[in-house]
Amino acid sequence: MAARKTTGKSNVSADELLKYYKDMLLIRRFEEKAGQLYGMGLIGGFCHLYIGQEAVVVGLEAAAKDGDKRITSYRDHGHMLACGMDPKGVMAELTGREGGYSKGKGGSMHMFSKEKHFYGGHGIVGAQVPLGTGLGFADKYKGNDNVTFVYFGDGAANQGQVYESYNMAELWNLPVVYVIENNQYAMGTSTKRSTKSPNLWERGAAYGIKGEAVDGMDVMAVKAAGEKAIAACRAGDGPYILEVMTYRYRGHSMSDPAKYRTREEVQKMREERDPIERVREMLTTGGLATDEDLKAIDKEIKAVVNDSAEFAKDSPEPSLDELWTDIYAAPEEAEA
Ligand SMILES: Cc1ncc(C[n+]2csc(CCOP(=O)(O)OP(=O)(O)O)c2C)c(N)n1
Ligand SMILES: [Mg+2]
């Protein structure tokens, strides 16, 4: 592979672009596999796939450093994989197995990783926004330079708690990047039907918070916007709002008849805006990777995803004793 070539974009090298391609493809293939396992009855309860939105988390993680935190909603598998959580542990959790991140007791919406600073996984729309604001407060209080990414959807952006959080975050200049993943729909309600103000990021102006909209189907644009937002936060000039314009290809969850949009609309997005195809094209037309290279990457990723599914299937269900564990944190753990 042509490692030393550049992409023509100042903030991304050829190696980096290849990495983003792999990271996005891992999320896509993982989610496709999760959809299959759901269909086979191996995943119960809710399952919200991230297919179409991959460039958002991959672009922002590319701008982050070790120690930065992230918290999000129930549409969370992509965030976990992008921050380096193990696909095996994520898939085992989806299938309710002992080898999962929450020992099979949390499922799709309730997984955490202290090691990767991933704070969930939240099923209540918007609940993660004040919690994430608190994570930012903790870092400010401790005097370190960590930044917290607080992800939420266009639907969640209509929640009152978001604006209470904005007010406190700006008052205390908290190092928080609020990431509105505007995928145009909240379950079956389009943003056009639910709000008259087209720019959700502009609502921060009422609290004095800076922000901008960014093309969420372009991983490099997301990375560049993330770098700017993070720099402001690390310089003590946070918070910052990024409204990332994206699209989900699948239904809201696995049980969505999708009557609120046309097949043509989805097809058009897939054909014209797909974030992975966009990078694939840059790699091949720019001579940064050959079709053979990309085939090898595809194979490698499929193997990782298949291994995660095998690991999940082989992992036992949690034992009954686990019913009574992990309910309250031990006081010493809570203080740590
Ligand atoms: C407080 C609350 N109200 C309603 C729901 C039901 N609900 C689950 S997801 C959702 C839509 C949220 O859409 P959005 O914030 O755009 O996120 P997306 O699903 O598009 O990622 C709703 C209304 C909920 N889980 N919590
Ligand atoms: Mg939405």
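In this predicted model, Met-220 is part of helix α8, which spans residues 219-234. Met-220 is buried, because 22 other C-beta atoms lie within 10 Å and the cut-off for a buried residue is 20 or more. Pro-275 is 55 residues away from Met-220 in sequence. In space, the C-alpha atoms of Met-220 and Pro-275 are 10 Å apart.

Leu-323 was examined next. Leu-323 sits in the loop between α11 (291-314) and α12 (331-335). Leu-323 is exposed, because it has 10 other C-beta atoms within 10 Å, and a residue counts as exposed at 12 or fewer. Along the chain, 177 residues separate Leu-323 from Asn-146. The distance between the C-alpha atoms of Leu-323 and Asn-146 is 35 Å.

The largest nonpolar core contains 85 residues. Leu-17, Val-177, Val-179 and Leu-242 have the most contacts inside this core. Helix α1 (residues 14-39) provides the largest share of the core, with 12 residues. The contacts of Leu-242 were then listed, leaving aside neighbours within four places in sequence.

Notes: Residues are numbered from 1 along each chain as its sequence is written. Chains are lettered from A and ligands numbered from 1 in the order in which they are written. This is a predicted model: local features need pLDDT of at least 70, side-chain atom pairs count only at pLDDT 80 or more; totals for chains, interfaces and linings use all residues. A nonpolar core is a set of buried Ala, Val, Leu, Ile, Met, Phe, Trp, Tyr and Cys residues joined through C-beta atoms within 7 Å. Helices (H or I, at least four residues) and strands (E, at least two) are DSSP runs, numbered from the N terminus. Two residues are in contact if their C-beta atoms, placed from the backbone, lie within 7 Å.
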